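User: I have a structure open and have not looked at it before. Can you walk me through it?
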Amino acid sequence: MSGVQQNRARAGAAWLLVTLALGGCSTSISEMPIGSAASDTRPTETSAFLPVNALPPERDEAAMDPAERAKVQKELVAARDHQASAAAAKGQGQANDQNQPQSQVQAAK
């Protein structure tokens, strides 16, 4: 065989392998009906999630009673106020630190 014929044979073999590989991806054997429909052994699973645009069922009882809700709201307001006062105190501390070097510079003159 000459060099040209060998190259053509290799190219043909490569082409055959590529087409077989791509052809194998295009068909799914598990979806083909081989036996009767009654022999389908795949379990029928229902999804744990609701379908799109479906609303969940109404609750029989309230999520929180009003007293518990008021208590949680009071705790959240107290936490918010505490964080606001801590942030304000931190802001004042930074302002004092920034002013301190300026006063030392003025005193040095």
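User: Where does N53 sit?
Analyst: N53 lies in the loop between α1 and α2. Keep in mind that this is a predicted model.

User: And is N53 buried or exposed?
Analyst: N53 is exposed, because its relative accessibility is 78% and the cut-off for exposed is over 50%.

User: What about the phi of N53?
Analyst: The phi is positive, about 70°, although N53 is not a glycine.

User: How many helices and strands does the protein have?
Analyst: The protein has two helices and zero strands. Residues 3-26 make up α1, and residues 66-108 make up α2.

User: What share of the residues counts as buried?
Analyst: Of the 109 residues, 0% count as buried.

User: Which residues form the nonpolar patch on the surface?
Analyst: The patch consists of M64, V72 and L76. Together they have about 260 Å² of accessible area.

User: Where is M64 placed?
Analyst: M64 is in the loop between α1 and α2. M64 has 40% relative accessibility, so it counts as partly exposed.

User: Switching to salt bridges: how many does the structure hold?
Analyst: It holds one. The side chains of R80 and D81 meet there, at 3.8 Å from N to O.

User: Why does R80 count as exposed?
Analyst: Because its relative accessibility is 52%, and exposed begins over 50%.

User: And what is the relative accessible area of D81?
Analyst: For D81 the value is 43%, so this residue is partly exposed.

How values were computed: Residues are numbered from 1 along each chain as its sequence is written. This is a predicted model: local features need pLDDT of at least 70, side-chain atom pairs count only at pLDDT 80 or more; totals for chains, interfaces and linings use all residues. Side-chain values use heavy atoms; hydrogens and water are left out. Patches are made of residues with over 30% relative accessible area and no salt bridge: like charges are joined within 9 Å, nonpolar side chains (Val, Leu, Ile, Met, Phe, Trp, Tyr) within 5 Å. Accessible areas come from the Shrake-Rupley method with a 1.4 Å probe; for residues, only the protein chains shown count as cover. A salt bridge is a side-chain nitrogen of Lys or Arg within 4 Å of a carboxyl oxygen of Asp or Glu. Helices (H or I, at least four residues) and strands (E, at least two) are DSSP runs, numbered from the N terminus. Buried means under 20% relative accessible area, exposed over 50%, partly exposed in between (1.4 Å probe, protein chains only).
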